Amino acid sequence: MLLSSLRLLLLAPIYAAVSKQTITKHEDAFSESLTLHPLPDGRMSVLFEFETTFSSSGTSSRISQSHHSLTPPSLLLPLEKNNVSELTISFTSGWDQARSSSSGLLNYESSGGGGEIRGWLKDSNDVEERWNSVTNALGGLFCAGLGQKDKGDNTRDFGGIYPQKRKIDNTTHFLLSHPESQLCTENLTPFLSLLPSKGISGLSALLSQPGIIFSWESQSEGIEVLMPDRNAQGRWKGWWEGIIDLVPSNNVNGNGNDNQRNRNFSIEKIFRKKIPNPFPESQRSILRLITENDNMKTSPQGRKSQRWIDGKCRDVVEWDLKDKNLTGQNIEFWWNGENSFQYPRHIPPPPITVTRTVIDKLASDGTFQITIINNDNIERRAIYSEIWPWWVKGWMSEIEIFVENKKRPELLEDLSYNPSKPPTISTTTLHFTLTIPAKSQLILRIPFSKLTLKYTEHRPDAERGIEISSGILTLLDTLSEQQTSSSSYDSNEQEGEISGYNPRRTGRKRIYTNRLLLDIPTPDFSMPYNVIIMSSTVMAVFFGLMQGVLTRKWGWVEVSQKSDKTSSIVQKEQKQIVKNVSQSELYE
Amino acid sequence: MDEGKAWTSSQSTHLVVAAGAAARLALFLAAPALCHALERRPELSTPLTSIRNLREGVFIYERGTNPYDGGVFYHSPVYLAFFTYILPVSSYLLTALLWTFADIASSIALIRIWQTRAKFQSRKREFLVAGLFLFNPYTILSCLARSTVSLDNAILIGAIATTAIGHSLPATCLLAIASHSSLYPLLLLPPLVMLLTKESPIAQKSTSVFHVTIQYIALHAAISGLNWILADRSWIAQTWGVIINVTDLTPNVGMWWYFFTEMFDHFRTFFLGVFQLHNLIYVVPICLRFSDDPLFATVILVGIFGTWKSYPNLGDMALWAGLLGCFPEVISNLRHPLFTLTVHLYTSILLPLLHSLWLLTGTGNANFFYAATMVYGLNASLAIVDVMGAGLRVQVKRKASELLLREDLEDHKGIQDSSDKLTDKVWERKGWSVVQFTRSLM
């Protein structure tokens with residue numbers, strides 16, 4: 001007894017040291033999930049998420065490569081070298097707010113239309129240069145031009161819209177928007193290669209099927225990296241989301257079995273594969289189904305729970321795919337008593353929708369009309385942000401805000417306007433701090449003109465037009481989705497939460513508009529020589545005539561009045577009396 | 001004569017000025033929609049003169065930001081300060097009154113110019129000078145569009161009028177303001193200095209060239225200093241810099257915008273130099289050739305830079321036409337006034353038509369509007385040459401008449417007519433005409 005206690009005493013420092021080390025040196029961990037969310041219009045959101053946590057390279061190990069066991073060096077080394085603290089890359093193609101009863105994709109970090117790369121850089125020295133090297137390095141990795149096309153495409157005043165996840169001082173935010181980018185098959189292979197499971201096992205095996213994945217509707221792909229620092233582990237997360245149609249259309253299902261148009265589906269039906277072998281290194285591998293309290297049934301049954309997701313308390317069913325019994329099995333989903341899917345007459349709208357169109361459309365002018373609809377009984381506060389290329393010149397003095405066809409200028413609390421500096425290529429950014437009244441439709445009108453570009457400044461295929469980045473509505477009054485036990489909320493909110501609906505309790509802080517294609521008035525690209533020649537000719541004619549008038553001698557002649565007017569010979573007979581004497585007097 | 005009596009009544013000039021003011025105010029009040037539509041016309045206002053840009057700049061300035069930081073505002077700080085602190089640009093009524101007042105002041109200044117030129121009183125001519133300016137469609141439209149070119153014109157005409165009268169301080173002051181806001185009036189300094197230093201019957205002591213030039217430079221520097229206080233030095237690149245470097249290529253009636261849209265980048269600087277020097281090179285020869293009549297040299301130069309400056313408006317042509325009204329003897333000696341007028345008529349139809357095809361409906365392309373501006377530019381250029389030729393013809397006629405026709409002219413004394421009209425009549429009867437020889441002057 002004494003001896004053992006003595007041994008304990010002796011070894012205590014060693015134990016302590018070991019246990020301390022295990023605290024600071026976290027194991028790299030990988031977890032994955034697949035979320036299915038049926039939408040009210042007979043479609044379904046499918047979201048793959050892969051998350052890896054990894055340790056800081058400085059403190060964990062002497063072997064510098066060891067922390068890359070689960071993490072891809074091709075992704076992390078450029079970030080580490082350029083001192084990046086956070087980085088998000090996202091590609092999105094399309095989203096329909098009206099049909100899906102949700103203001104955006106299932107993954108809250110997905111950007112608006114097109115591609116986008118944004119992040120926080122540490123230190124303030126040569127940030128621009130480091131940002132360029134990061135974007136260009138990762139552009140190669142994602143088979144897309146992520147770097148800036150022209151100097152001045154970067155915007156730096158979106159730090160408030162995309163706040164840091166980890167508070168680090170002395171950082172700079174960058175946002176580079178590529179509204180013209182598309183998601184394509186080229187993007188899937190590099191995405192899979194970043195994952196530790198490489199598309200061979202686990203959920204990534206379901207994703208590594210380009211033939212199936214790219215037949216889906218609107219898709220979104222992205223990664224988010226938080227680099228490790230002294231206090232916290234690093235984390236990188238990749239996601240892939242798509243929308244699939246559950247109801248077979250008449251054309252595809254041409255076997256004449258029309259009354260079989262129900263939404264029943266299974267894992268095998270969607271992916272043409274059964275549940276794959278789990279990835280051995282993964283800590284968690286979860287299949288999640290979000291239902292809307294309707295008669296949805298599954299087989300086999302999963303673990304049920306309730307959770308706040310995007311403003312609603314929803315039923316969530318989960319299956320642990322690391323369970324050996326599920327491997328090689330199929331999971332089936334159906335709606336009780338649904339023979340044929342009836343398209344709903346009314347789809348409940350999302351709490352807030354934002355759309356942007358161009359009205360008063362002329363070839364050289366127009367007006368952006370941003371319609372923000374608040375469908376709830378609470379007033380919301382938000383920032384609406386726009387990014388324009390330099391040739392879009394907005395008229396700040398003519399901005400108008402309407403609610404129910406009445407001007408309501410007081411709803412615009414603040415406007416931050418950062419104009420571009422033509423003719424240098426730069427961006428204009430705008431942030432409107434707005435109050436959106438309850439149950440109302442707020443219309444924001446921004447008139448703009450398109451500047452005339454030099455013919456060398458037009459991009460190839462100029463007649464097609466140029467895409468404008470999505471507008472971003474950032475909600476300032478959202479609450480955490482985690483259910484808190486504190487009763488500090490006022491009674492009104494509590495009431496809302498009892499009924500399982502509170503539009504503020506959502507992790508979706510940003511709602512995006514569609515991107516816009518703006519055509520630019522073009523010059524005639526075949527004209528440079530002609531214009532130079534013709535304008536120069538007019539100038540030469542003017543100069544020549546002026547020179548003639550200024551330098552020639554002026555005098556007078558007397559034309560005889562008796563001469564016959566019809567004969568041309570008379571001209572010669574005219575008594576031309578040039579008064580030479582007086583002329584020389586004139587111009588001495 | 002009854003007609004003569006009607007003209008001699010002093011009410012007639014007041015009447016036309018009042019009618020011009022009434023017509024403007026009536027249009028401002030009765031057709032605000034028309035005025036708002038005219039504001040956007042590129043023929044009437046360029047980004048450097050449009051009220052829309054001015055409003056935008058004042059809006060940004062009032063919110064505590066420097067409007068010259070972004071590429072949206074090219075107006076002079078003089079206008080920025082005036083429309084921020086003195087007269088609110090957002091007030092439709094006050095600006096309408098200001099623009100009407102500017103046109104009225106211009107017409108009165110034109111009458112003063114005519115009075116100092118003509119050695120005799122002619123109510124009829126005063127009526128015509130004011131009427132031709134006030135009811136010129138270009139003047140009315142520029143005024144209704146509230147293009148700051150109308151204000152520039154008023155200041156410049158004021159400068160010319162005070163110079164013609166012989167007051168050097170107001171003249172240099174107005175010229176300094178005019179050259180601050182649109183830069184090109186700087187070219188008028190030599191002829192106006194010549195005019196000021198010429199012996200005039202009104203101004204008793206003749207001022208020296210040195211004195212006037214120093215005065216102008218001092219006033220110009222003073223205004224620059226005020227601007228500096230207002231918007232440190234950012235305004236230079238955004239006002240004069242834009243006028244010189246033509247960085248904004250918004251279509252206008254001039255010859256520059258499409259030329260520099262289509263220009264190859266490595267020739268841009270060279271051609272900018274050529275186009276700017278082209279305005280400059282005429283100053284010295286014209287001042288030399290018309291050294292006996294600096295006012296006429298001023299008019300020719302106004303015409304040249306009204307056509308060939310980097311951002312011309314139709315209002316510049318209105319200024320030129322108004323000044324020409326003070327030179328009836330030149331007008332009667334023009335070679336092709338009908339041609340000039342009809343081409344103006346034709347371009348004033350073509351310009352809006354082809355502009356709307358390209359930039360409103362988006363069906364045409366840039367060549368459409370370019371063709372119209374080229375016809376306009378060519379016509380204005382030919383008109384300048386014509387006016388200059390007419391001026392030289394008048395010069396020759398006067399000198400020859402003085403030498404050879406003194407008796408003939410004295411025979412006709414007593415007829416109430418101007419001496420130039422008389423000369424024309426005598427020349428007509430004699431069968432004499434002025435010609436330009438192919439031989440060079442030198």
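**Ground rules.** I am working from a predicted model, where local features need pLDDT of at least 70, side-chain atom pairs count only at pLDDT 80 or more, and totals for chains, interfaces and linings use all residues. Residues are numbered from 1 along each chain as its sequence is written, with chains lettered from A and ligands numbered from 1 in the order written.

**Entry 1: the interface.** I looked up the contacts (C-beta atoms, placed from the backbone, within 7 Å). I found 59 residues of chain B in contact with 50 residues of chain A. On the side of chain B that touches chain A, α22(B) gives the largest share, 16 residues. I took helices (H or I, at least four residues) and strands (E, at least two) as DSSP runs, numbered from the N terminus.

**Entry 2: a strand pair between chains.** I then checked β27 (552-558) of chain A. It pairs with β1(B) in the antiparallel sense over six bridges. Pairing takes at least two DSSP bridges between two strands. Here V557(A) stands opposite S433(B).

**Entry 3: the sheet in chain A.** I traced an open sheet of ten strands, with mixed pairing. Its order is β5-β4-β3-β6-β7-β2-β1-β9-β12-β11. Which strands stand at the edges? They are β5 (171-178) and β11 (303-309) of chain A; each has a single partner strand, so one side of each is left without a neighbour in the sheet. Inside the sheet, β1 (29-38) and β2 (43-54) of chain A pair in the antiparallel sense over ten bridges. T35(A) stands opposite L47(A) in β2(A).

Methods
Two residues are in contact if their C-beta atoms, placed from the backbone, lie within 7 Å.
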